[in-house]
Amino acid sequence: MKQVAVILAVVFLIVAVLYWTGHMPWPPGVHTKHGILFAVLALLCLVWYRFQSASSTR
Amino acid sequence: MRTDAVVTFVQAMLLAVLQGVSELFPISSLGHTVLVPALFRWNVDEGSDAFLAFVVALHLGTALALVAFYGRDWLALARGLLASLVRGRIGEEPNERVAWLLVAGTVPVAVLGVLLESSVKRLFAAPLPVSLFLVANGGLMLLGERLRRRQHVNAGHPYRALDRLGMRDGVLVGLAQSLALLPGISRSGAAIVAGLLRDLRHEDAARYSFLLATPVIFAAAALEIPKLFAPDAHVVLVEALAGAALAGVTAYASVAFLTRWFRHNDLSPFAWYCIVAGGLAFALLVTKGIA
């Protein structure tokens, strides 16, 4: 599950950057709000990773 | 020229009171914001930058009132969130669990809100569908109360404290909140009904709903802050400042009233209000041909 968390975090971060730079095809154009949303989701995935790794070291 | 083209001072103050009250009472603030100007035939340009800036100010006022009301709770929740992050585990301390329940409940509404809000508004933010959704909102609350009674009074199902909810329950409440993207469905009403069906008492379901409202309203308003600096925004500066203050005061009074109300009462009066108000609005809109 740790790997899934990291992969999702990277994917969400890429989507965020694509929204900020206006390279996402749907919806077309720059979407700051969408970018912020996906950046927050990426952050939450990193938190999930943190919880997973802490539980595996116990 | 001044504000007459956007919103008059009296209209602005009435909208501020309406926002402060209806954002927290389970009667749909968005629904009322669409219906009241339509029914009173206010010549409000709801699409103008100035009006949008005014609406952002009202939401900021409401969010600040919620932060003020739950200030101590928010501090304790933030401490709980940080403690669990440092430890790498959600402990048994109630504030830690409630903090993560708030995260779990906010994610669905944030995702669906950002991705779907403009499409849903484009489709449904007209007075006639809003009046019907308001009736549906009342029906949902009555149905929720009926199911809760069946669960707890008839079947003797035990109640749970807020911090005993699972993260899945939090996500479910968050998904229920997302129904409020439909103008006329109340965010707080949907969240309270979902909380009741996950075995919370009215008091806890309402507290969870109001705590969930704070990040949602704050984020929605914060993301629109640039509209406060739009070229036309200065024409509603006085109305926006006075409106934000009035919306904040009424929101504070509303949440104080509702937290007491839900200690001993249920959603029924608000449900009946929505059914009657939505039905009346529908009849008036059809007969006046406003839809």
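User: Before we look at how two helices pack in this predicted model, between which directions is the angle of a helix pair taken?
Analyst: In this predicted model, each axis is a line fitted to C-alpha atoms, for helices over the stretch in contact. The angle can run from 0 to 180 degrees, and it is taken between N-to-C directions.

User: At what angle do helix α3 and helix α9 of chain B pack?
Analyst: Helix α3 of chain B covers residues 49–69 and helix α9 of chain B covers residues 202–223, and their axes lie 9 Å apart. The crossing in which α3(B) passes α9(B) is left-handed. The angle at which α3(B) and α9(B) pack is about 145 degrees.

User: How many residues of the contact of α3(B) with α9(B) are nonpolar, polar and charged?
Analyst: On the side of α3(B), the residues that meet α9(B) include B:Val56, B:Leu60 and B:Leu64, while α9(B) brings, among them, B:Phe210, B:Ile217 and B:Phe218. Sorted by kind, the residues of this contact come to 11 nonpolar, three polar and no charged.

User: Which helix gives the largest share of the lining of the second largest pocket?
Analyst: The second largest pocket holds about 400 Å³ of space, and 15 residues line it, with A:Leu44, A:Cys45, A:Trp48, B:Val103 and B:Val107 nearest its centre. Two or more lining residues come from each of α1 and α2 of chain A and from each of α5 and α7 of chain B. The largest share, six residues, is given by α2(A).

User: Into what kinds do the residues lining the second largest pocket divide?
Analyst: The lining has 15 residues, and no polar and no charged residue is counted in it. The division therefore leaves one kind, since Ala, Val, Leu, Ile, Met, Phe, Trp, Tyr, Cys and Pro count as nonpolar, and the count is 15 nonpolar.

User: What radius of gyration does chain B have?
Analyst: Chain B has 11 helices and zero strands, and its C-alpha atoms fill a box of roughly 60 × 45 × 35 Å along the principal axes. Because a compact globule of 291 residues would have a radius of gyration near 19 Å, chain B agrees with that expectation, its own value being 19 Å.

User: And what radius of gyration does chain A have?
Analyst: Chain A has two helices and zero strands, and its C-alpha trace spans about 45 × 15 × 10 Å along its principal axes. A compact globule of 58 residues would have a radius of gyration near 10 Å, but chain A has 13 Å.

Definitions and conventions. Residues numbered from 1 in each chain as written. Chains lettered and ligands numbered in written order. Predicted model: local features only at pLDDT ≥ 70, side-chain atom pairs only at ≥ 80, totals over all residues. Heavy atoms only, no water. Helix = DSSP H or I, 4+ residues; strand = E, 2+ residues; numbered from the N terminus. Left-handed = near helix turned anticlockwise from the far one by under 90°. Contact = heavy atoms within 4.5 Å. 1 Å grid on protein atoms, 1.4 Å probe; cavity = no way out; pocket = protein on both sides within 12 Å on 5 of 7 lines; lining within 4 Å. Points joined across faces, edges and corners; volume = space filled by probe spheres on them. Rg over C-alpha atoms; globule rule 2.2 N^0.38 Å.
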